[in-house]
Amino acid sequence: MAHKLLGQNFLPHDVVAKVTGEAKYAEDFRAEGMVFARLLSSPYPHARVKSIDISEAMKIPGVVGVLLPEDVKNPDAPDIPLLTMEPGFVGAAIMLVAAEDETIAQDAIEKVRIDYEPLPFHVDPLASLHPDAPDARTDGNVGAAGVKFQTLKWTKEDFANAGKRMPEGKAAQEWAYGDIDATFAKCKLVLDESFVHASNSHHSMEPRTAMAYWQNGKCILHVSSQSQSFITPALAGMIGIPPSDLVVVAEYCGGGFGSKGGAYPLQALPALLSKKINRPVMMRISRAEEYYNGSARLGFQGQVKLGFAEDGKLLAADLYVIQENGACQSFFDFRNAADGLSILYQPEAMRWRGMPVYANSPIRSAQRGPGYNQISHIMEPLLDKAARELKIDRLSMRLKNVGGRQAAFGSRRATVSSSYLKEALEKGAAQFGWQERMARNGQRKGSKITAVAIGQAYHPAGFSGFDGLMRILPTGKVHIHTGVGNLGTFSHSSTSRIAAEVLKLNWDDVIIERGDTRRHLPWNIGQFGSNTNFTMARTNFVAATDALTKLKEIAAKRFGGSPEQYDIDGKRVYRKGSPGTGMSYGEAAQRAIQLGGKYDGHELPKDINPMTQASATAIAGTGLVGVAKDNLPMLGAPAAFAAAFIEIELDLETGKHVILDYLGVADCGKVIHPAGLETQIKSGAVQGFGVAALERIVYDPQNGLPASVGFYQAKPPTYGDSALRFRTSAVDLPDPSSPLGTKGIGEPLLGCAGAALLCALSEATGGHVFNRTPVVPDMILNQLAGRPQAHSVLQVNCQ
Amino acid sequence: MSDLSVDAEAEARRVSRREFIKRVIASGAVASSASFVMGGLSSCSSRPGAVAGSVERLISLNVNGQVRRVDVLPQETLAMTLRYKLGLTGTKLGCDRAECGACTVMIEGTTYYSCSTLTHSVRNRKLITVEGLRGPNGELHPVQQAFVDELGPQCGFCTPGQVVAAVALLQKNPKPTREEARHAMSGNTTIT
């Protein structure tokens with residue numbers, strides 16, 4: 001079927017405001033009588049707050065009030081507390097002070113006297129598993145979603161017997177399939193490697209500043225969020241009000257990368273303080289505070305044993321991942337890593353073991369490709385190592401291991417809805433000229449050596465079960481309501497184009513309602529997890545299909561016959577074969593209002609979410625309402641893949657690399673918005689370059705103090721780290737579970753690039769695999785000079 | 001952290017050396033996050049002159065071709081004046097310490113980090129913010145139009161600074177090489 005909008009570029013409605021400065025982010029709003037709040041945060045990595053004395057602080061003129069731990073209802077441990085009496089990391093929020101201006105608030109904070117009892121701490125998850133080592137928390141050391149919060153230490157023997165491998169004690173969670181020992185026994189080549197993947201800040205450009213005030217019993221909250229509808233119930237819960245009393249305004253979001261995917265405490269705190277002091281509260285968050293509370297990727301320490309057949313096929317894999325949770329509940333990267341390995345390389349037999357360990361380091365949360373990208377960064381250089389040892393071309397090695405269209409993965413051997421990774425590799429190899437380019441691989445020019453490499457990555461690409469909501473007005477304009485956030489992928493618009501496509505609309509006739517819960521948003525999942533172009537393609541499809549059905553029914557009621565005898569085009573519904581017998585969408589909307597009931601939203605489907613119900617009810621009677629829950633069939637797990645091809649030049653005297661050429665190839669199903677995809681492929685790649693070779697979190701292990709609380713210390717990439725030549729491509733084949741074939745793509749675009757760069761750095765250093773991110777120049781120089789590295793093999797937070 | 005110097009000696013006598021160093025380092029971490037502090041909203045401030053040297057003075061600023069009169073504290077940064085007193089919130093604060101470039105403005109045609117420029121130091125100099133780039137009839141500046149055409153902005157938070165930096169570059173060097181452009185834009189971090 002030919003599409004009118006799918007695959008076409010368009011001008012997203014919010015772009016101009018972004019280049020003129022008119023786009024308003026949370027810190028750009030003001031309210032009458034607004035005061036400023038500052039956080040008092042822990043100077044200790046782990047301590048008990050024995051007492052808080054605010055008496056001197058309250059004497060300072062201009063201080064308006066405080067918010068103390070006793071004023072908030074914290075979630076059950078180990079979830080992130082709003083305010084805490086047992087801070088678990090430097091920077092943990094203990095209390096807030098509000099004052100007429102920030103200087104006064106900060107002056108007051110200096111006058112607060114807190115009696116701390118320092119507690120034992122650690123910033124090395126593996127070392128903390130030793131029975132004599134301190135734990136990060138007093139109530140348990142291990143836990144994650146799907147893993148009981150518990151105390152689980154290893155034995156001294158586990159450590160003593162490890163030899164050069166990572167110690168491997170009892171795992172908190174594990175799975176296996178196939179006969180792992182028998183399969184290893186038949187392998188031609190076995191690699192057994194310890195690895196570290198560093199943690200790194202999310203580095204959202206917009207700090208998580210928030211501003212709140214109360215009006216007529218409702219809380220109006222300006223926040224930085226990756227969505228509007230999805231966070232509302234949980235955020236209302238933190239504030240202690242029903243979701244209907246919370247107005248979330250988040251029309252723009254200055255980056256989140258997973259760290260603003262759900263509701264978080266720093267959004268709720270100004271709302272609670274505002275309620276207490278009855279003044280609007282702006283709480284600005286500094287960049288340093290972002291490094292503490294803005295969250296970071298979960299770091300890994302691990303061991304992976306890989307068995308290959310002579311032809312390069314990965315037969316057996318044994319993966320053990322210790323993940324650094326930070327001090328509070330975080331994410332399950334350690335489990336995702338296992339799925340990532342199994343889906344990308346399809347081992348016949350595999351065992352996975354995992355330990356999610358708390359540490360006295362910043363809050364962690366899902367970061368672009370949580371677990372999946374870490375495992376690509378670890379595995380891809382090892383795949384190359386096996387290829388070199390088996391004397392197999394690195395592209396052939398990947399094609400040998402790539403899964404089929406319905407690749408199975410994980411312990412349950414679930415299958416994907418579609419995989420076109422093989423096509424992505426082949427298309428990329430042709431466009432990049434892999435075979436010809438190999439001639440340049442290893443060429444020396446003075447102190448510089450050229451290397452080419454490939455990287456691959458995977459991430460799940462969608463969900464089902466959310467709701468779509470739209471309406472056709474008597475004016476003929478079509479309003480599409482969406483809770484998709486505004487991270488700059490423009491998928492709030494591109495997924496709305498699915499609805500426009502179903503109704504054969506001109507894009508000019510569409511108005512997108514978004515960014516503010518007062519715009520009556522449906523229950524949509526957040527803009528994270530590479531899901532939007534699948535999940536909300538489906539919700540908009542079902543809502544538009546509902547509207548289409550109603551258009552035809554209304555026409556049949558007016559002109560006779562059955563709805564099936566009617567068709568649409570040119571914003572008209574008409575009888576097939578008799579285009580004159582019909583009416584415009586505007587007239588149909590007018591008739592929908594007259595008919596009432598389900599046609600104008602007064603009667604709603606029973607299975608939609610209460611949020612959608614409330615929103616649909618609010619717009620009932622204004623036009624023809626299309627509303628439905630996505631109950632479309634799922635033909636497997638939605639999956640996104642990406643392949644990357646890279647050429648670099650490494651200076652062997654300085655250890656510094658330059659990326660000469662980069663090609664990213666996306667398997668995102670059918671491409672909705674080519675220009676948006678291009679920017680995603682490029683920006684994901686730059687972020688991958690950073691994770692692979694620059695970004696880190698550094699902690700002083702003796703005192704538990706952070707040494708990376710600024711951009712210059714934590715090193716996100718800049719223009720100078722980007723590729724000199726940058727190309728993008730897509731397979732552009734449809735996913736069968738998605739009505740128009742689209743699926744998500746955001747995260748693997750980072751992982752494939754990071755992996756490709758790491759592989760290239762290995763290639764340029766004579767095939768040495770560092771088994772670590774980031775690979776920084778001093779590591780390269782140490783390796784080339786035959787010197788030991790400054791870190792031990794499994795040391796973390798140290799780069 | 002004036003308390004620190006006053007108490008340091010007494011503190012050192014009370015606690016072990018290691019403990020003392022720990023506290024100093026910890027205090028340093030807190031102090032660095034405290035550098036975020038601003039002068040405040042003049043309309044909200046209830047304590048003019050309460051602290052020595054913190055008196056606001058009425059000055060003239062030439063912003064986007066207009067002379068604006070504004071009360072400014074001695075320690076006030078240009079970013080805070082623009083954002084909180086002149087309503088020019090297009091200038092963003094991403095780090096507030098001269099690292100990210102989201103606050104980039106032009107002063108006499110040269111880019112500056114407004115987060116690290118004292119407002120008093122730019123009296124009567126010509127300031128251009130992102131809001132001042134549109135043409136006389138509201139048309140986008142060619143650089144803004146190019147950002148739109150190329151779908152340059154993603155999250156958009158760094159975009160105003162990027163646009164201003166690009167305009168400043170092209171005013172001085174209308175045909176930069178790739179290397180010159182990379183260098184000129186390297187003070188503007190983008191993470192999208």
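1. **Ground rules.** This is a predicted model, so local features need pLDDT of at least 70 and side-chain atom pairs count only at pLDDT 80 or more, while totals for chains, interfaces and linings use all residues. Residues are numbered from 1 along each chain as its sequence is written, chains are lettered from A and ligands numbered from 1 in the order in which they are written, and side-chain values use heavy atoms, with hydrogens and water left out.

2. **How much the chains touch.** On the contact count (heavy atoms within 4.5 Å), 74 residues of chain A meet 64 residues of chain B. The two bury about 5800 Å² between them, 58% of it on carbon and sulfur atoms; buried area here is the accessible area (1.4 Å probe) lost on putting two parts together, summed over both. On the chain A side, A:Val19, A:Met205 and A:Tyr719 lose the most area to chain B, together 14% of what that side buries.

3. B:Arg83 and A:Glu27 form a salt bridge, with the closest N and O atoms 3.3 Å apart.

4. **What chain A brings.** Several elements each supply at least two residues of the side of chain A that touches chain B, among them helix 1 (15–20), strand 1 (35–41), helix 3 (102–111) and helix 20 (674–693). Helices (H or I, at least four residues) and strands (E, at least two) are DSSP runs, numbered from the N terminus. Helix 20 of chain A gives the largest share of that side, 6 residues. By class, the residues on that side are 35 nonpolar, 22 polar and 17 charged. For the classes, Ala, Val, Leu, Ile, Met, Phe, Trp, Tyr, Cys and Pro are nonpolar, Asp, Glu, Lys and Arg charged, and the others, Gly among them, polar.

5. **The second largest pocket.** Its volume is about 1400 Å³. Of the 43 lining residues, A:Lys682, A:Tyr719, B:Phe147, B:Gly152 and B:Thr190 lie nearest the centre. Helix 20 of chain A turns up again here, giving the most to the lining with 7 residues. Helix 4 (142–149), helix 5 (159–172) and helix 6 (178–185) of chain B each supply at least two. The lining divides into 20 nonpolar, 16 polar and 7 charged residues. On a 1 Å grid over the protein atoms alone, a pocket is an open set of points with protein on both sides within 12 Å along at least five of seven lines, a cavity is a set where a 1.4 Å probe fits but cannot get out, and lining residues have an atom within 4 Å of a point. Points are joined across faces, edges and corners, and a volume is the space filled by probe spheres set on them.

6. **Cavities.** Helix 11 (372–390), helix 22 (748–764) and strand 33 (772–773) of chain A each supply at least two of its lining residues. Helix 11 gives the most, 3 residues.

7. Over all chains, the search finds 49 salt bridges. One of interest pairs A:Arg353 with A:Asp318, closest N and O atoms 3.9 Å apart. A:Arg353 sits in strand 16 and A:Asp318 in strand 15 of chain A, so the pair ties together parts 35 residues apart in sequence.

8. **Backbone spots to check.** Most residues other than glycine have a negative phi, and most peptide bonds are trans. The bond from A:Ala77 to A:Pro78 is cis, with omega near 5°, and a cis bond also joins A:Thr773 and A:Pro774, with omega about -10°. A:Phe490 has a positive phi, near 65°.

Terms used
Salt bridge = Lys/Arg side-chain N within 4 Å of Asp/Glu carboxyl O.
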